[in-house]
Amino acid sequence: QWYQRRVQEDLTYAGADTIWVIGGVNWLMNMLWAPIPKRETERRQREDPYPITANLRTATMAGGLFAMDRLYFKELGEYDEGMGVWGGENMELSFRIWMCGGSMLFVPCSKVGLIFRPA
């Protein structure tokens, strides 16, 4: 695996050691995590004096990890209430963002927390 998950029962922050992957999609339309392509590494080195902390362009994002302006989320149509199960929102929102002219970035210095609620 390219990353390591840690769970803290007391909700204290426990970041992954490294998360040097980006979101992608396979031909079955499944979201996946993939190593950072060479072209993205080279772009970061050209454009940022501190490439290790530079934003990473990504094609998809996990549905529970999107962070965006509330008005933009509403403009995109929010989560589809017709989806009966979780797991498709990542692809749906990623495609909507593309079609509306947006882009997605991983911001390495950010901290994102997720509390998983079982169905």
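Predicted model: local features only at pLDDT ≥ 70, side-chain atom pairs only at ≥ 80, totals over all residues.

Tutor: Numbering starts from 1 along each chain as its sequence is written, and side-chain values use heavy atoms, without hydrogens or water.

The lining of this pocket includes I22, G23, G24, A34 and P37. R39, E40 and R43 also line it, as do R57, T58 and A59. (A pocket is an open set of 1 Å grid points where a 1.4 Å probe fits, with protein on both sides within 12 Å along at least five of seven lines; lining residues have an atom within 4 Å of a point.) At least two lining residues come from each of β1, α1 and β3 (56-58).

Now stay on α1, residues 38-47, which carries R44. (Helices are DSSP runs of H or I, at least four residues; strands are E, at least two.) R44 is buried but has no salt bridge (buried: under 20% relative accessible area, 1.4 Å probe; salt bridge: Lys or Arg side-chain nitrogen within 4 Å of an Asp or Glu carboxyl oxygen). Its nearest side chain of opposite charge is E40, 5.1 Å away. E40 is also one of the pocket-lining residues. The R44 side chain does reach the backbone oxygen of A54, at 2.9 Å. Beyond four places in sequence, R44 contacts (heavy atoms within 4.5 Å) W20, I36, P51, I52, T53, A54, N55, L56 and P108.

Note on methods:
Buried < 20%, exposed > 50% of the residue type's maximum accessible area, 1.4 Å probe, protein only. Lys, Arg positive; Asp, Glu negative; His and termini not counted. Polar contact = N/O pair within 3.5 Å; in protein donor to acceptor, adjacent residues only side chain to side chain.
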